[in-house]
Amino acid sequence: MVEKAAAQTRKGADQPWGAVCQWRQGVPRDYVHSYMWWSLAAGRSTGKDQNLAAEYRDRVTSLMTPAQIEEAKRLSRNSVKSTTVHGC
């Protein structure tokens with residue numbers, strides 16, 4: 001389901017996926033993919049939406065290990081290059 005939604009992503013649609021990965025309850029949180037989604041949202045948005053996405057990306061970074069941050073950055077770069085995004 002996530003992959004299908006990601007393939008159809010429109011401007012601003014990345015933000016809800018960042019929130020799902022970061023704040024979901026009852027299952028493990030996925031900070032790596034949360035960072036990736038917030039980063040994509042920041043890159044695809046403007047104005048207040050861009051600032052909000054960047055703020056949440058920076059907040060989730062404080063919860064991550066250096067290895068997780070590097071993986072999240074790698075996923076973000078690769079996701080920008082492709083139309084299919086996996087994870088969360």
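**Figure 1. Confidence along the chain of the predicted model.** The chain has a mean pLDDT (the predictor's confidence in each residue, from 0 to 100) of 74, and 58% of its residues score at least 70. This is a predicted model, in which local features need pLDDT of at least 70, side-chain atom pairs count only at pLDDT 80 or more, and totals for chains, interfaces and linings use all residues. Residues are numbered from 1 along each chain as its sequence is written, and side-chain values use heavy atoms, with hydrogens and water left out. Confidence is lowest in helix 1 (residues 2-7), where the mean is 44, and highest in helix 4, where it is 92. Over residues 1-13 pLDDT stays under 50, and the model has 20 contacts beyond four places in sequence for this stretch; contact means heavy atoms within 4.5 Å. Where pLDDT is low, the predicted coordinates should not be read in detail.

**Figure 2. Overall fold of the chain.** The chain holds five helices and zero strands, in the order α-α-α-α-α along the sequence. Helices (H or I, at least four residues) and strands (E, at least two) are DSSP runs, numbered from the N terminus. Of the 88 residues, 40% are buried, that is, under 20% relative accessible area, with exposed meaning over 50% and partly exposed in between (1.4 Å probe, protein chains only). The accessible surface is about 5,300 Å², with 53% of it belonging to carbon and sulfur atoms; areas come from the Shrake-Rupley method with a 1.4 Å probe, and for residues only the protein chains shown count as cover. Among contacts between residues at least 6 apart in sequence, 65% join residues at least 24 apart.

**Figure 3. The largest nonpolar core.** A nonpolar core is a set of buried Ala, Val, Leu, Ile, Met, Phe, Trp, Tyr and Cys residues joined through side-chain atoms within 4.5 Å. The largest one has eleven residues: Tyr-31, Val-32, Tyr-35, Met-36, Trp-37, Leu-40, Val-60, Met-64, Ile-69, Ala-72 and Leu-75. Helix 3 and helix 5 (66-81) each supply at least two residues of this core, and helix 3 gives the most, with six. A second, separate core has six residues, including Ala-41, Ala-53, Ala-54 and Tyr-56.

Figure 4. Beyond its neighbours within four places in sequence, Val-32 contacts Met-64, Gln-68, Glu-71, Ala-72 and Leu-75. Leu-75 lies in helix 5 and is buried, with a relative accessible area of 15%. Not counting residues up to four places away in sequence, Leu-75 touches Val-32, His-33 and Met-36. The C-alpha atoms of Leu-75 and Met-36 are 6.4 Å apart, although 39 residues separate the two along the chain.

Figure 5. Asp-30 sits in the loop between helix 2 (14-23) and helix 3. With a relative accessible area of 17%, Asp-30 counts as buried. The side chains of Asp-30 and His-33 form a polar contact of 2.7 Å. A polar contact is a pair of N or O atoms within 3.5 Å; within protein, one must be able to donate a hydrogen and the other to accept it, and residues adjacent in sequence count only if both atoms are side-chain atoms. The Asp-30 side chain also reaches the backbone nitrogen of Val-32, at 3.3 Å.

Figure 6. Ser-45 belongs to the loop between helix 3 (31-44) and helix 4 (47-61). Its relative accessibility is 5%, so Ser-45 counts as buried. A polar atom of the Ser-45 side chain lies 2.6 Å from the backbone oxygen of Ala-41.
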